[in-house]
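Work through the exercises below with the coordinates loaded. Try each task before reading its solution.

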Amino acid sequence: MSKVAEDDWPRHLAILGSTGSIGRSALDVVRSLPDRFQVTVLVAGSRWKELLEQITEFSPKVAALSDPEAAEELKRRLAGRDVEVLSGEEGVIQAAKHPESDVVLSAIVGAAGLRPTLAAIREQKTVALANKETIVMAGELVMREAAKLGVGILPVDSEHSAIFQAMSAGRHEEIARVIITGSGGPFRGLSAEELSKVTPEQALNHPTWQMGPKITIDSATLMNKALEVIEAHWLFGLDVEQIDLLIHPQSIVHSMVEFLDGSVIAQMGTPDMRGPIQYALTWPDRFECPARRLRLSEIGALEFERPDRERFPAVALGFEAARRGGTAAAALNAANEVAVQAFLDRRIGFNDITAIADEVMKGHDLLEQPSLEDILRTDGDARTAAASHVERRRG
């Protein structure tokens, strides 16, 4: 990973997904380190009112909304002010490429984050990556492009930030394995029959993390762990066999790296995304952070257990997609996004989410070395197939 110039302060930030949970936490980090950052670009989906408040506070040069109607409303509200307003997918991509940004925080949820993130890489911006779907869908393509251009991709996911930090204790060739941890979500003690009766309200009630609805459902199905396996495989250049998973309900140990000599280096902290966000935005430096400090004496005990792959089959899907490579993960990700939304809309049951993702991934025509166009076509085809599965299950 390339290095941001250590003395290059303040850093000029583009925040893609500024009204989501990661974006809001990132702006908290900016508030706590006002001399270190200047916000140049803010991008959101359709929440123009919240974006307007952020613009008023942070005075970016550019704002973008993927929803054209929301963008028009924002433009009316900003009449006479020195802020360029862009709209639609192409507007978001243009915002990601803005010449005055040094670091692009990619926090758009889902497949929609792929093209803007790739555009930022091609403009040689340092990317703080919270949008795991970018690497899940197009890991080989994205990492090849970043390496060719000398672009740094700094992980924001708490698990991958932990791996990145722990890896600094040794050389890459000395790594035996990485151990990704996860809280297990709200249902780790439920039977398969009990899981079939889970409601969206129950699934959205995560025990430790405050996240958006899609990511929270992924945490409940453990699909988030499946996607993190794929992400770790590409982001850190690891063999699939070097990646392991453990359930850790306290969410204190965010992940671990085991070296050849048996030493295990763990990165710990309170479950607060401001920590890994700040680390990515300020790397390689460290500063005071607004996240609450860890007090191990208050925690008492740390528990670890293997995930139950029968009750939570999504875990196996992540390893399978990583081993198959090509377009397998893109199909898995797209089908999961469709199925999650169908569950939130009460059109399918909780267990149907992973079942549909499994059926779509295994049924699609695998392309081994896909182009961006191939990946986007796979994404669209998998969404169509998943929608058909949803309708069949409803019938």
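A residue counts as buried when its relative accessible area is under 20%. The model is predicted.

**Exercise 1. Which residues of helix 10 are buried, and what covers them?**

Step 1. Locate the helix. Helix 10 spans residues 213-221.

Step 2. Apply the cut-off. Seven of the nine residues of helix 10 are buried. They are K214, T216, I217, D218, S219, A220 and T221.

Step 3. Look for the cover. It includes helix 6 (132-149), helix 9 (200-203) and helix 11 (223-235). Helix 14 (314-324), helix 15 (328-344) and helix 16 (350-363) also belong to it.

Step 4. Check the end of the helix. L222 follows helix 10 and has a positive phi, near 70°.

**Exercise 2. Describe how helix 14 and helix 15 pack.**

Step 1. Take the geometry. The two helices pack at an angle of about 145°, and their axes are 7 Å apart.

Step 2. List the contact. Helix 14 brings L317, A321 and R324, while helix 15 brings A328, A329 and L332.

Step 3. Sort by class. The contact has five nonpolar residues, one charged residue and no polar ones.

**Exercise 3. Characterise the second largest pocket.**

Step 1. Give the volume. It is about 480 Å³.

Step 2. Go to the centre. The pocket is lined by 24 residues, and Q267, G275, R286, C289 and A291 are the closest to its centre.

Step 3. Trace the lining to its elements. Helix 7 (158-167), strand 11 (264-268) and helix 12 (274-282) each supply at least two residues. Helix 12 gives the most, with five.

Step 4. Classify the lining. It divides into eight nonpolar, 10 polar and six charged residues.

**Exercise 4. Is D285 buried or exposed?**

Step 1. D285 is in the loop between helix 12 and helix 13 (296-299).

Step 2. Compare with the cut-off. D285 has 19% relative accessibility, so D285 counts as buried.

Step 3. D285 and S388 are 103 residues apart in sequence. Their C-alpha atoms are 49 Å apart in space.

Methods
Residues are numbered from 1 along each chain as its sequence is written. This is a predicted model: local features need pLDDT of at least 70, side-chain atom pairs count only at pLDDT 80 or more; totals for chains, interfaces and linings use all residues. Side-chain values use heavy atoms; hydrogens and water are left out. On a 1 Å grid over the protein atoms alone, a cavity is a set of points where a 1.4 Å probe fits but cannot get out, and a pocket is an open set with protein on both sides within 12 Å along at least five of seven lines; lining residues have an atom within 4 Å of a point. Grid points are joined across faces, edges and corners, and a volume is the space filled by probe spheres set on the points. Helices (H or I, at least four residues) and strands (E, at least two) are DSSP runs, numbered from the N terminus. Ala, Val, Leu, Ile, Met, Phe, Trp, Tyr, Cys and Pro count as nonpolar, Asp, Glu, Lys and Arg as charged, and the others, Gly among them, as polar. Buried means under 20% relative accessible area, exposed over 50%, partly exposed in between (1.4 Å probe, protein chains only). Contact means heavy atoms within 4.5 Å. Axes are lines fitted to C-alpha atoms, for helices over the stretch in contact, and angles run from 0 to 180 degrees between N-to-C directions.
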